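Q: Please take me through this model by its labels. For each label, I want the value and the rule behind it.

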Amino acid sequence: MRIGILGSGLMGAKLGTIFARVGHEVTFSYSHSDAKLERLAREAGGRARAGTPADAARHAETLLLAVHWSRVDDVLKKAGNVSGKVIVSCSLPMNAGDTALVVAHKSSGAERLARKRPKARVVSAFNTVPSEVLFSVFAGARGGGGGGGGTQPSLVYCGDDKKAKVVAAQLISDAGFEPVDAGPLRIARYTEPFALLVAQLAYEGDRGPALAYRFEWREEITR
């Protein structure tokens with residue numbers, strides 16, 4: 001797969017590195033420093049390189065959107081035409097102070113993104129897991145350990161476009177997780193607030209709780 005990373009911060013850098021190491025062609029873009037992009041590409045190895053958002057969009061079939069919500073419009077403008085591209089969004093629609101969601105309840109950041117670029121194929125994934133665990137899960141899966149404890153962790157994704165969901169599931173699997181289809185894109189209205197809750201609990205420091213969670217689905221038949 002040819003993957004463009006739009007936003008090479010913590011999440012984008014780690015996922016881009018993982019994708020490069022499983023054999024995908026990766027372009028890192030959108031950082032405060034060109035030197036950082038070059039370093040990321042060098043350390044990722046494989047077919048990784050540094051470039052601009054326009055380079056990433058031009059050469060890639062799939063784009064990982066991993067920027068702060070306040071920078072989404074800027075990075076999309078710099079990327080240019082993304083028609084037909086799969087956009088895997090892991091950006092939460094946070095305010096400038098990162099204290100609250102600015103899109104919630106009746107919509108989601110993923111749905112807002114789909115409206116911004118209606119000709120792209122938008123899917124939401126990767127935002128319900130802290131970036132700090134990505135390398136350990138990937139290493140565990142590669143070593144046969146499934147991220148520790150003999151259990152492969154699951155990761156949910158949602159979207160309306162079938163092609164985008166197939167791509168997201170493949171990338172989730174490549175990262176060492178079990179992909180779980182949570183349904184249509186509107187499900188991001190629930191996964192995004194959940195992701196914020198997980199982040200708030202996980203980053204409380206030494207005084208914070210040990211955190212584990214799981215999803216359960218129950219189907220009801222109505223007559």
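A: Start with histidine 24, which sits in the loop between helix H1 (10-21) and strand E2 (25-29). Helices (H or I, at least four residues) and strands (E, at least two) are DSSP runs, numbered from the N terminus. This is a predicted model, where local features need pLDDT of at least 70, side-chain atom pairs count only at pLDDT 80 or more, and totals for chains, interfaces and linings use all residues. Residues are numbered from 1 along each chain as its sequence is written, and side-chain values use heavy atoms, with hydrogens and water left out.

Q: Why is histidine 24 called buried?
A: Its relative accessibility is 10%. Buried means under 20% relative accessible area, exposed over 50%, and partly exposed in between (1.4 Å probe, protein chains only). Histidine 24 therefore counts as buried.

Q: Which residues is histidine 24 in contact with, leaving aside its neighbours within four places in sequence?
A: They are Met1, Ile3, Phe19, Arg47, Leu171 and Asp174. Contact means heavy atoms within 4.5 Å.

Q: What makes the link between the side chains of histidine 24 and aspartate 174 a polar contact?
A: The distance is 2.7 Å. The rule asks for a pair of N or O atoms within 3.5 Å; within protein, one must be able to donate a hydrogen and the other to accept it, and residues adjacent in sequence count only if both atoms are side-chain atoms. The histidine 24 and aspartate 174 side chains are therefore joined by a polar contact.

Q: Why is the arginine 39 and glutamate 43 pair called a salt bridge?
A: A salt bridge is a side-chain nitrogen of Lys or Arg within 4 Å of a carboxyl oxygen of Asp or Glu. Here the N to O distance is 3.3 Å, so the pair qualifies. Both residues lie in helix H2 (residues 34-44), 4 residues apart, about one turn of the helix. Arginine 39 is partly exposed at 33%, and glutamate 43 is partly exposed at 46%.

Q: Where do aspartate 73 and lysine 116 lie?
A: Their side chains meet in a salt bridge of 2.7 Å, N to O. The pair links distant parts of the chain: aspartate 73 is in helix H4 and lysine 116 in helix H5, 43 residues apart. Aspartate 73 has 48% relative accessibility, so it counts as partly exposed. Lysine 116, with 29%, is partly exposed.

Q: How many residues apart are lysine 78 and aspartate 74?
A: They are 4 residues apart in helix H4, about one turn of the helix.

Q: How many salt bridges does a search of the whole structure find?
A: It finds 10. Glu25, Arg47 and Arg49 are linked in a network of salt bridges.

Q: What makes E4 and E5 a strand pair?
A: 4 bridges join strand E4 (residues 62-65) to E5, and they run parallel. Two strands pair if DSSP finds at least two bridges between them, so these two pair. Leucine 65 stands opposite serine 89. E5 is also joined to strand E6 (residues 121-125) by 4 bridges, again parallel. There, valine 86 has arginine 121 as its bridge partner.

Q: What is the hand of the β-α-β crossover from E5 to E6?
A: The chain passes through helix H5 (residues 109-116), and the crossover is right-handed. That means that, with the strands pointing away from the viewer, the path from the first strand over the helix to the second runs clockwise. E4, helix H4 (residues 72-79) and E5 also make a right-handed unit.

Q: Which residues of strand E5 are buried?
A: Val86 and Val88 on one side and Ile87 and Ser89 on the other are all buried, so both faces of E5 (residues 86-89) are covered.
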